[in-house]
Amino acid sequence: MTNSIDFKSAFRALTDHEPFPWQEGLYEQFVQGVVPSPCDIPTGLGKTAVIPIWLIALALGPKKGGRPVVPRRLAYVVNRRTVVDQSTDVVVKMRERLLEPGCAKWAEHKSVLVKLRNRLQKLAATDELPLAVSTLRGQLADNGQWRSDPARPAVILGTVDMIGSRLLFGGYGQGFKSRPLHAGFLGQDTLVVHDEAHLEPAFQKLLVRIGEEQRNGRTPDPWPLRIMELTATSRGNGKTSGLTLKEKRPPDKLPVRLNRPIHFVWRRLNAKKMLVPKAVPDEKQVVPEIIKRALAYKNSGSAVLVFARTVKDVEDIRKGLTNKKNKVPEENVELLTGTLRGLERDELVKKPVFQRLFPESSRNPGADIAEGTVYLVCTSAGEVGIDISADHMVCDLSTLESMAQRFGRVNRFGDRDDTRIDVVHPTSFGKKGKVTPFDDSCRKTLGLLKSLEGDASPLALSKLMAGLDEETKQAAFAPKPTTLSATDILFDAWALTSIREKLPGRPPVEPYLHGISDWQPPETHVAWREEVGCISGDLLELYKPDDLLENYPVKSHELLRDRTSRILDKLQQLAVSQGSSPAVAGCDHVQNQVPHLVAEFRQLG
């Protein structure tokens, strides 16, 4: 019996799919010690497969000086807007198969899975697990397995805030004693895959700067960060890795029988999506027109995806669909916004409407599936990290990269020929004659979308992007934030974690993760716990809030994120209705700073 394993059989064993040609090419690069960046893969063509490809390359690839040429850890960084994280599902599936290779569900792959597990096990210093996994949500959320054994292969899924703050010794939600440990594990022998990198240019610049410092600084690291910029809509016009040349050139007519992986790539690239721009007199008419066009599908039995830029617009659209006049059943309309806590996110994906939009392979076993026409109404939270496919879409206008992401959530697999996308936009941009940089980007995006002449297929979008010069592309993307340069002096200052007080020359890490965007409204995170109301008066002297947060850090599933103005409005309402309920203010990255928002809340209370 041979001990050899080939890439294709390993990929099938972990994913149940045949690899696409670009995925085979990426594996060959990994085992040669090459990490391509940027890697530009259109939406719907399996970007998250980077994770199993890395794992297989780690297990099967060559060694140099007794060490694998592939980093032992992979940190997969998703955008903070991500509500439903497809990468979590990919990693959980891999982990289950490696832990139970003999399970009847994948019995045909038992031999390959056992060999993979044994090879990964040999890399670890202990025999507990072949692969440590820490995910954004669910039972494996930030479980600490990845940092218990420095030699064990590990996958860490996190947002820019979670991964970035740890790299800079800030560790949001972590105690000062554990922050150096987190920075050390993430900063050494790790492949950082920055998904949807075009959304966070400041973080991408920071990653590159950290890698430069590790390689060329005062004490060069032997196993510095490896960085992979992964995106479906690259901001730049430089050379990128991605689809093979043959994948990029599908034939005019697909084969009758789709029996090769490349056939499915071609079908997805050619997925029919009819783009219909609709002008309305002004911004106030956008939401009513979206409601009108969404209602056109009321009796069609379709799954309809609706996008709007603000939470208020999303809420107004739901009210318009379900009011007494239009009578869409409330159970057939779900909302997806970035303001949900992790707890509500986990529950949302189990609901019948959401399950309806998932491909069959991703649905929960025995899940209830909503029937008739269903609507999922989203903010930008529905644009990233989510493997859904609607029949039709109605949306407002956003920037070019945002529109490309939206289009990728409808007829995702190319199995319909009647999909329609209605884009509602005002005839003029700006309010009261004032045009913001964002408004100007939307106006330029509209012109580019009209040049598609009604064809919003991934292939048409890819050709549009490839034909743009960098200046035109940047003008249609969301305005870039002002990015700050991290220096070796700042890295040293952030590393002084035992000094918990405010330290001159140690700024907050947040602006270095996201940059500074004057056009974006500020946001605030909120968590609530019953014990906050119990610890008051003299108990506050005995149990300092900072110490309590140190010992019992706030977890991602507890956090709600929203615009500061909306949170302040809600706190004002609570202050009136709840009286003097206590609140605790905390700031992870600079100790002993109390946000003004909470100070106002205390005055109101």
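Colleague: Which residue forms a salt bridge with Lys-8?

Modeller: In this predicted model, local features need pLDDT of at least 70, side-chain atom pairs count only at pLDDT 80 or more, and totals for chains, interfaces and linings use all residues. Residues are numbered from 1 along each chain as its sequence is written, and side-chain values use heavy atoms, with hydrogens and water left out. A salt bridge here is a side-chain nitrogen of Lys or Arg within 4 Å of a carboxyl oxygen of Asp or Glu. With closest N and O atoms 3.9 Å apart, the partner of Lys-8 is Glu-24.

Colleague: How many residues apart in sequence are the parts that this pair ties together?

Modeller: Helices are DSSP runs (H or I, at least four residues), as are strands (E, at least two), numbered from the N terminus. Lys-8 sits in helix α1 (residues 7-15) and Glu-24 in helix α2 (residues 21-31), so the parts tied together are apart in sequence by 16 residues.

Colleague: What is the distance between the closest N and O atoms of Arg-218 and Asp-492?

Modeller: Arg-218 is exposed at 59%, while Asp-492 is partly exposed at 37%. They form a salt bridge, and their closest N and O atoms are apart by 2.7 Å.

Technical notes. Buried < 20%, exposed > 50% of the residue type's maximum accessible area, 1.4 Å probe, protein only.
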